[in-house]
Amino acid sequence: MTKEEIKQAGTVVACKPRLLNDNTMHYCPGCSHGVVHKLVAEVIEEMGAEHIAIAIAPVGCAVMAYNYIDVDWIEAAHGRAPAIATAVKRLNPSRLVFTYQGDGDLAAIGTAETIHAANRGENIAIIFINNGIYGMTGGQMAPTTLEGMVTSTTPYGRRVDLNGYPLNITDLMARLPGTCYVTRQSVHTAPAVKKTKKAIRQAFENSMAGKGTSVVEVVSTCVSGWKMTPEKANEWMAEHMLEKYPLGDLKNVDNE
């Protein structure tokens, strides 16, 4: 049954977005990526932008995002998605261009591309999945790993004297003159999911309006890397991750 047929039949409570196909996702059960994929697909569909959207996904857990959301995708080298997005948007200014990146990608090997694209104010949207760990490659410490957090490369916890401080790259981007909208959200509760969808919509609209770079960080879980059940991972994230990465808007030029 199509969304239109459901609407005619009665009140719509929930509906799978048309752009989210039926391929079985490779993400671990309880992973935040699947929820964010659904929100991205819903927003693009609601904007009527499926034929103008171009998404860029680099290396990481989201490397196969093209397999699930039916829009045009470009595969980027590790960390280079903002550079690719810059070229795509400059050559096709009428297109909705966004990147979909994890913290190991955006805040590590892609730090330069991320910071400079945002500083230039490229008219792109960046969706940043921050679970504080390298999920795809074995659970190693990432730039965003919390102090004291156990990973496969910090078995006794992250030490500031040895590993440095967690990198809050979203706060850095909020300080750059080229960013127009920087927000930090999550998808661990129903109200949080609604706020994240609203943030993605605003970021996409900013891109189309040529306002500059928009960044939507989604503080997320990694059930495999954290070695927790989905329920425990959500609880741990709320208790620990959100203290270091508090939710809310960091910058919104429309409200200034």
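About 230 Å³ of space lies in the second largest pocket. Here a pocket is an open set of points on a 1 Å grid over the protein atoms alone, where a 1.4 Å probe fits, with protein on both sides within 12 Å along at least five of seven lines. Its volume is the space filled by probe spheres set on the points, which are joined across faces, edges and corners. The model is predicted: local features need pLDDT of at least 70 and side-chain atom pairs count only at pLDDT 80 or more, while totals for chains, interfaces and linings use all residues. Residues are numbered from 1 along each chain as its sequence is written, and side-chain values use heavy atoms, with hydrogens and water left out.

The second largest pocket is lined by 21 residues, and V59, G60, C61, G102 and G104 lie nearest its centre; a lining residue has an atom within 4 Å of a point. Strand 3 (96-102), helix 4 (103-109) and strand 5 (133-134) are the elements that give two or more residues to this lining. Helices (H or I, at least four residues) and strands (E, at least two) are DSSP runs, numbered from the N terminus. By residue class, the lining of the second largest pocket divides into 10 nonpolar, 9 polar and 2 charged. In this division Ala, Val, Leu, Ile, Met, Phe, Trp, Tyr, Cys and Pro count as nonpolar, Asp, Glu, Lys and Arg as charged, and the others, Gly among them, as polar.

The largest nonpolar core has 35 residues, and I44 and F204 have the most contacts inside it. Such a core is a set of buried Ala, Val, Leu, Ile, Met, Phe, Trp, Tyr and Cys residues joined through side-chain atoms within 4.5 Å; buried means under 20% relative accessible area, exposed over 50%, and partly exposed in between (1.4 Å probe, protein chains only). At least two residues of this core come from each of helix 2 (32-47), strand 1 (53-57), strand 3, strand 4 (125-130), strand 7, helix 8 and strand 8. Helix 2 gives the most, with 6 residues. Beyond its neighbours within four places in sequence, F204 is in contact (heavy atoms within 4.5 Å) with V40, V43, I44, M47, L96, F98, A125 and I127. A second, separate core of 19 residues includes I54, A85, I126 and I169. In soluble globular proteins, nonpolar side chains tend to be buried together.

Helix 8 (residues 190-209) holds T196 and I200. With a relative accessible area of 0%, T196 is buried; residues up to four places away aside, T196 touches L39, Q185, S186, V187 and V218. I200 is likewise buried, at a relative accessible area of 0%. Under the same exclusion of sequence neighbours up to four places away, I200 touches V36, L39, V40, V43, I127 and V216.

V97, in strand 3, counts as buried at 0% relative accessibility. Not counting residues up to four places away, V97 touches I54, I56, A85, V88, K89, I124, A125 and S207. V97 and A85 are 12 residues apart in sequence, and their C-alpha atoms are 6.4 Å apart in space.

H33 is found in helix 2 and counts as buried at 4% relative accessibility. Leaving aside neighbours within four places, H33 is in contact with Y27, C61, A62, Y100 and I129. Y27 itself lies in the loop between helix 1 (3-9) and helix 2 and is buried, with a relative accessible area of 11%. Besides H33, the residues that Y27 touches include G34, H37, C61, A62, A65 and Y68, not counting those up to four places away.

In helix 5 (residues 111-120), the buried residues are T114, A117 and A118. Seen down the helix axis, these fall within an arc of 95 degrees, so they line one face of helix 5; the arc is that of the directions from the helix axis to the C-beta atoms. Their cover includes helix 3 (81-91), strand 3, helix 4, helix 7 (169-174), strand 7 (179-186) and strand 8 (213-219). Just after helix 5, G121 takes a positive phi of about 75 degrees.

K227 has a positive phi of about 60 degrees although it is not a glycine. K227 sits in the loop between helix 9 (223-226) and helix 10 (230-244) and, at 73% relative accessibility, counts as exposed.
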